[in-house]
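Thanks for coming. Please have the picture in view.

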Protein chains: 2
Amino acid sequence: MTTEAKPNSRERLLEAAAMLTYRDGVGIGVDALCKAAGVSKKSLYQLFASKDELLAASLKEGAGAFVAGLLPPANDGRSPRERILHVFEQLELQAGAPGFQGCRYLAVQIELKDQRHPASRVARRIKRNLTTFFRAEAERSGAGDPDLLARQLILVFDGASARAGIGADNLKGLIAPTVATLLDVAGLR
Amino acid sequence: MTTEAKPNSRERLLEAAAMLTYRDGVGIGVDALCKAAGVSKKSLYQLFASKDELLAASLKEGAGAFVAGLLPPANDGRSPRERILHVFEQLELQAGAPGFQGCRYLAVQIELKDQRHPASRVARRIKRNLTTFFRAEAERSGAGDPDLLARQLILVFDGASARAGIGADNLKGLIAPTVATLLDVAGLR
DNA sequence: ACCAATGGAAACTGATCGGTTTTCATCTCG
DNA sequence: CGAGATGAAAACCGATCAGTTTCCATTGGT
């Protein structure tokens, strides 16, 4: 059995916010969120200070799944190169699934514009963790310029995710050779 | 002297739409657009069928400046490699300017979600032209896989532009070596 | 069985949304 | 000078926005 049997109001709101803002954008109304969650507006505003805070909490709550869906398990014995490639294999996999709209954290930051918005701050933090993973693996691998490689990888991640999300590319045959090229040049084998 | 001396209502609306939707997102209200353009809503709806059409027309009208600000002049005698690098030099330059928010066409597509929205169609077309430029240069250069290279370049373009637009990276020391690596591996010298 | 806490449904606030219409001042042209 | 066209300002429309409040049915504890 899982630890969460029946979701409470708070969890249902977070889940509805995650789903609807990803599908329709952060401009989605609170009435729609409440209806989808089966929770009254009164309860929403007892649990969260504002729609903005609900949005931020929803992003933060989804960070675990985001990481779990992309990163390899810690200390799985594979090489840094394999562990980095794992992330992009997962991305390509997710990009092929129906309903994929690109990285939600990038989308939120682009939609909100204001970088000081609570949800934008959360999104930035979560994405920084991904960059940190890349840099850690790059350093562990003894790459010539680990920081450059990490920046290149997150750049490819966001570019690929965004382009797949808007249906401009399906990433097939694109992401693997591109990342491999960057890893090769950085000296990762 | 330039060909346009004083902008008419239509041009002022297109300009205001370009500026405000880039700064604040496509959710900007028509009242704000009209006020910024100094044009009444009545006139707006005589000139455009809807806000969506105004937005689409505004993007289309800005395509010329977008191309002029990025692409090198046709037949400037430089090599494909130099001409491709020119685009990314321009991008890095623009990314350093105040008010830079990333590629407006990518942002519009991400914000709208609906790929059949008239403005989303226009944005897609304009970005396809950039990919076409990359592919043409790649073919002209005799690259091993011109199509792959073009997709890699537009991926880097969107990724770099998006990340600079949200303030996640300033591209300094990132974009040039990354593109150079891709060009090297593709056999462009 | 009773009382109090819970929370959903819905009414409500004031603001804003996209879009339409009216009014009135200004301009051009005969 | 006078008639017609123009277009900005602003009222107006129904819908929706974020957020608050009221009302009432359900619930759990005693």
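Let me start with one residue, A:Lys113. A:Lys113 is partly exposed, because 18 other C-beta atoms lie within 10 Å. The scale is this: a residue is buried if 20 or more other C-beta atoms lie within 10 Å of its own, exposed if 12 or fewer, and partly exposed in between, with C-beta atoms placed from the backbone. A:Lys113 sits in the loop between H6 and H7 of chain A. Its phi is near 65 degrees, which is a positive value in a residue other than glycine.

Before going on, some housekeeping. This is a predicted model, in which local features need pLDDT of at least 70 and side-chain atom pairs count only at pLDDT 80 or more, while totals for chains, interfaces and linings use all residues. Residues are numbered from 1 along each chain as its sequence is written, and chains are lettered from A and ligands numbered from 1 in the order in which they are written.

Now chain A as a whole. The secondary structure of chain A comes to 9 helices and 0 strands. Helices (H or I, at least four residues) and strands (E, at least two) are DSSP runs, numbered from the N terminus. The C-alpha atoms of chain A fill a box of roughly 55 × 35 × 30 Å, taken along the principal axes. Of the 189 residues in chain A, 42% are buried. Take the contacts in chain A with a separation of 6 or more: residues 24 or more positions apart account for 62% of them. Two residues are in contact if their C-beta atoms, placed from the backbone, lie within 7 Å.

Next, one pair of helices. Two packed helices are described by the angle between their axes and the distance between the axes. The axes of helix H5 (residues 80–96) of chain A and H9(A) come within 10 Å and cross at roughly 160 degrees. H5(A) is therefore roughly antiparallel to H9(A). The cut-offs are under 35 degrees for roughly parallel, over 145 for roughly antiparallel, 65 to 115 for roughly perpendicular, and oblique for the rest. Axes are lines fitted to C-alpha atoms, for helices over the stretch in contact, and angles run from 0 to 180 degrees between N-to-C directions. On the H5(A) side, the contact includes A:Ile84, A:Leu85 and A:Phe88; on the H9(A) side, the residues include A:Val179 and A:Leu183. By class, this contact has 8 nonpolar, no polar and 2 charged residues. Here Ala, Val, Leu, Ile, Met, Phe, Trp, Tyr, Cys and Pro count as nonpolar, Asp, Glu, Lys and Arg as charged, and the others, Gly among them, as polar.

On to the two chains together. How many residues of chain A are in contact with chain B? There are 34, and they meet 34 residues of chain B. On the chain A side, helices H6 (104–112), H7 (118–140), H8 (146–165) and H9 (175–186) each supply at least two residues. H8(A) gives the most, with 10 residues. That side of chain A has 14 nonpolar, 11 polar and 9 charged residues.

Look at B:Asp158, which is in helix H8 (residues 146–165) of chain B. Is B:Asp158 buried or exposed? B:Asp158 is buried, because 26 other C-beta atoms lie within 10 Å. Leaving out residues up to four places away in sequence, B:Asp158 touches A:Gly159, A:Ala162, A:Arg163, B:Cys103 and B:Leu106.

B:Leu106 belongs to the buried residues of H6(B). In helix H6 (residues 104–112) of chain B, 8 of the 9 residues are buried, so this helix is largely enclosed by the rest of the structure. Those buried residues pack against several helices, including H6 and H8 of chain A. H6(B) is followed by B:Lys113, with a positive phi near 65 degrees.

Last, the DNA. Around DNA strand D there are 15 residues, and the closest are A:Gly29, A:Ser50, A:Lys51, B:Ser40 and B:Ser43. A residue is near a molecule or strand if its C-beta atom, placed from the backbone, lies within 6 Å of it. The surface near DNA strand D has 4 nonpolar, 5 polar and 6 charged residues. For DNA strand C, 15 residues lie around it, and A:Ser40, A:Ser43, B:Gly29, B:Ser50 and B:Lys51 come nearest. H3 of chain A, with helix H2 (30–37) and H3 of chain B, are the elements that give two or more residues to that surface.
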